[in-house]
Amino acid sequence: MIGRRRDNPDSPLSPQVEIFLEMMAAERGAAHNTIESYRRDLAGFMAFLAARGRLPENADAAQIRAYFGRLSGAGMAPGTSARRLSALRQFFRFLFAERFREDDPCCAIDSPRRGRPLPRYLSEEEVERLLAAAHRRGGGKGKRLAALMEVLYATGLRVSELVALPLSAMSRDGRMLIVNGKGGKERLVPVLPVVAEAVREYLDLCPYDLPGGGTLFLGVRGKRLNQRIVRAQMQKLRLALNLPKSATPHALRHSFATHLLSGGGDLRTIQELLGHASLSTTQRYTEVDSEHLL
């Protein structure tokens, strides 16, 4: 475990990091979650440098290698290390471009080698059991749970996108959802009648007033539903049905894509529905489908 006393990720950030994060938000339109991820990753590296009396303006490739060597020795997964290195690459590229330093030390750093894990998904039979169990729950919370599970599986939304859906996201005829995805990019996702009906049943029993500018799914005291609640409710269903630990809300997104592909869906359409910026990200599901066929 990485020692929090010496490399505390909650340590104050340098002015250059704050300027970099502001640039990412203002000029590149990076999503809030992306900014916070960069903030955490850079804070860990800044704390590592501070413990050694160094600043980002004079850090070199040796310090970066030492940092990732420390992470590797602490058992950090290659995928997480690769994400942190990506944050550092962006940051040092920014420092070089803005003349905070005269070189980019990340040019001498190789990305950690890692395999590409296949997306974890549920079988169609497992999804059917999950949805049936959600629909058996009574009352307003039960209707909300059923609507949440139906929307997650039938649209492939991320949990962050789900809880951020405004009340106006669903078209009047209940056939489409307007989703505000990563980077503020909007996409249209078709809605099946059974999903629209589940949402209507939830709205009919919702005990709170639904303001026009509010979110579709509400939590305690009529506030926006927290992502943790969605994950906790999914975990309760998983335990009750004896489903694998991989049965998470995000697994329903993977299940959506995998089942569409198995049913003959084309990659470009699935890419648009998921909101992937790159087709290569969507192509991972072809590997899942091939493994399933074998």
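## Helix 6 against helix 9

In this predicted model, Arg-144, Leu-145, Leu-148, Met-149 and Leu-152 in helix 6 meet Ile-229, Val-230, Gln-233, Met-234 and Leu-237 in helix 9, where contact means heavy atoms within 4.5 Å. By class, this contact of helix 6 with helix 9 has eight nonpolar, one polar and one charged residues; Ala, Val, Leu, Ile, Met, Phe, Trp, Tyr, Cys and Pro count as nonpolar, Asp, Glu, Lys and Arg as charged, and the others, Gly among them, as polar.

Axes are lines fitted to C-alpha atoms, for helices over the stretch in contact, and angles run from 0 to 180 degrees between N-to-C directions.

## Helix 3 against helix 4

Helix 3 (residues 61–73) and helix 4 (residues 78–97) have axes 11 Å apart and pack at an angle of about 160 degrees, which makes helix 3 roughly antiparallel to helix 4. On the helix 3 side, Ile-64, Tyr-67, Phe-68 and Leu-71 take part, and they meet Ser-81, Arg-84, Leu-85, Leu-88 and Phe-92 of helix 4. Sorted by class, the contact of helix 3 with helix 4 has seven nonpolar, one polar and one charged residues.

Ser-37 has its place in helix 2 (residues 32–50) and, at 15% relative accessibility, counts as buried; buried means under 20% relative accessible area, exposed over 50%, and partly exposed in between (1.4 Å probe, protein chains only).

## Buried polar and charged positions

Gln-16 lies in helix 1 (residues 15–26) and counts as buried at 12% relative accessibility. Leaving aside neighbours within four places in sequence, Gln-16 is in contact with Pro-56, Glu-57, Phe-91, Phe-94, Leu-95 and Phe-100.

Glu-161, found in helix 7 (residues 159–164), counts as buried at 4% relative accessibility. With neighbours within four places in sequence again set aside, the contacts of Glu-161 are Val-179, Asn-180, Gly-181, Lys-182, Arg-187 and Arg-253. From C-alpha to C-alpha, Glu-161 and Gln-227 are 9.7 Å apart, although 66 residues separate them in sequence.

## Loop residues with positive phi

Arg-99, which is not a glycine, has a positive phi of about 65 degrees; it is placed in the loop between helix 4 and helix 5 (124–136) and is exposed, with a relative accessible area of 78%. Arg-221, also not a glycine, has a positive phi of about 60 degrees; this residue has its place in the loop between helix 8 (193–205) and helix 9 and counts as exposed at 69% relative accessibility.

## Whole chain and conventions

The protein has 13 helices and two strands, assigned as DSSP runs numbered from the N terminus (helices H or I, at least four residues; strands E, at least two). Of its 294 residues, 44% count as buried. Among contacts between residues at least 6 apart in sequence, 60% join residues at least 24 apart.

Residues are numbered from 1 along each chain as its sequence is written, and side-chain values use heavy atoms, with hydrogens and water left out. Because the model is predicted, local features need pLDDT of at least 70 and side-chain atom pairs count only at pLDDT 80 or more, whereas totals for chains, interfaces and linings use all residues.

Technical notes:
Angles under 35 degrees count as roughly parallel, over 145 as roughly antiparallel, 65 to 115 as roughly perpendicular and the rest as oblique.
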